[in-house]
Amino acid sequence: MIFTPKLIAFDLDGTLLKSDKTISGQSIFEINRLKDLGTKIVICTGRPKRTAENIIKDLGLTEFAIMYNGAFIYNFQKEIEINCFGMTKEIVCHTIDT
């Protein structure tokens with residue numbers, strides 16, 4: 001019996017993306033193979049949605065992605081924000097003042 005993971009998470013910069021900011025054909029092939037086996041592929045990145053979105057959509061990943069180093073979770077299939085952990089104005093001002 002071959003083990004098929006239920007979910008695999010990938011970072012973008014320095015992991016999935018090559019130095020020229022492209023994804024290798026082999027990586028695309030393997031991601032598609034895993035998707036065909038039923039594995040959910042999740043992108044976890046420090047990038048904001050606007051710079052990660054095209055990469056995520058080009059890979060055909062429609063469920064969710066974790067961005068801003070975990071502060072923002074978005075479902076691309078439903079086009080909805082799942083969770084956002086933003087800082088309040090008070091926290092920002094306190095941080096600047098200290």
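Visitor: Is Glu-53 buried or exposed, in terms of relative accessibility?
Guide: Glu-53 counts as buried, at 19% relative accessibility, where buried means under 20% relative accessible area, exposed means over 50%, and partly exposed is the range in between, using a 1.4 Å probe and protein chains only. This is a predicted model, in which local features need pLDDT of at least 70 and side-chain atom pairs count only at pLDDT 80 or more, while totals for chains, interfaces and linings use all residues. Residues are numbered from 1 along each chain as its sequence is written, and side-chain values use heavy atoms, with hydrogens and water left out.

Visitor: OK, so which residue forms a salt bridge with Glu-53 at 3.5 Å?
Guide: That partner is Lys-49, and 3.5 Å is the distance between the closest N and O atoms, a salt bridge being a side-chain nitrogen of Lys or Arg within 4 Å of a carboxyl oxygen of Asp or Glu. Glu-53 also forms a salt bridge with Lys-57, where the closest N and O atoms are 3.1 Å apart.

Visitor: How many residues apart are Glu-53 and Lys-49 in helix 2?
Guide: They are four residues apart in helix 2, so about one helical turn separates Glu-53 from Lys-49. Glu-53 and Lys-57 are likewise four residues apart in helix 2, about one turn of the helix. Helices here are DSSP runs of H or I with at least four residues, strands are runs of E with at least two, and both are numbered from the N terminus.

Visitor: And Lys-57, how does that one count for relative accessibility?
Guide: Lys-57 counts as partly exposed, at 43%, and Lys-49 is partly exposed as well, with a relative accessible area of 22%.

Visitor: What else is buried in helix 2?
Guide: Besides Glu-53, the buried residues there are Ala-52, Ile-55 and Ile-56. Strand 2 and strand 3 are among the elements that cover the buried residues of helix 2. Just after the helix, Gly-60 takes a positive phi of about 75°.

Visitor: Switching topic, how many salt bridges does a search of the whole structure find?
Guide: The search finds six salt bridges, one of which joins Asp-13 to Lys-21, with the closest N and O atoms 3.3 Å apart.

Visitor: Which residues are linked with Asp-13 in a network?
Guide: Lys-21 and Arg-47 are linked with Asp-13 in a network of salt bridges. Asp-13 counts as partly exposed at 30% relative accessibility, and Lys-21 is also partly exposed, with a relative accessible area of 49%.

Visitor: Now the sheet: what order do the five strands have?
Guide: The order is 1-2-3-4-5 in an open sheet with mixed pairing, where two strands pair if DSSP finds at least two bridges between them. The edges are strand 1, residues 7-10, and strand 5, residues 80-84, each of which pairs on one side only.

Visitor: In what sense do strand 3 and strand 4 pair?
Guide: Strand 3, residues 64-67, and strand 4, residues 72-75, pair in the antiparallel sense over four bridges. Met-67 has Phe-72 in strand 4 as its bridge partner, and Ile-66 stands opposite Ile-73. The two strands form a hairpin with four residues between them, and Tyr-68 in the turn has a positive phi of about 50°.

Visitor: What about strand 4 and strand 5, how many bridges join them?
Guide: Four bridges join them, and the two strands run antiparallel, with Tyr-74 standing opposite Glu-81 in strand 5. This pair also forms a hairpin with four residues between the strands, and Glu-79 in the turn has a positive phi of about 55°.

Visitor: Which residues are buried on the faces of strand 4?
Guide: Phe-72 and Tyr-74 are buried on one side, and Ile-73 and Asn-75 are buried on the other, which leaves both faces of the strand covered.

Visitor: Last one, where is Val-42 placed, and what is it in contact with?
Guide: Val-42 lies in strand 2 and is buried, with a relative accessible area of 3%. Leaving aside neighbours within four places in sequence, Val-42 is in contact (heavy atoms within 4.5 Å) with Leu-7, Ile-8, Ala-9, Phe-10, Phe-64, Ala-65 and Ile-66. Between Val-42 and Asp-11, which are 31 residues apart in sequence, the C-alpha to C-alpha distance is 8.7 Å.
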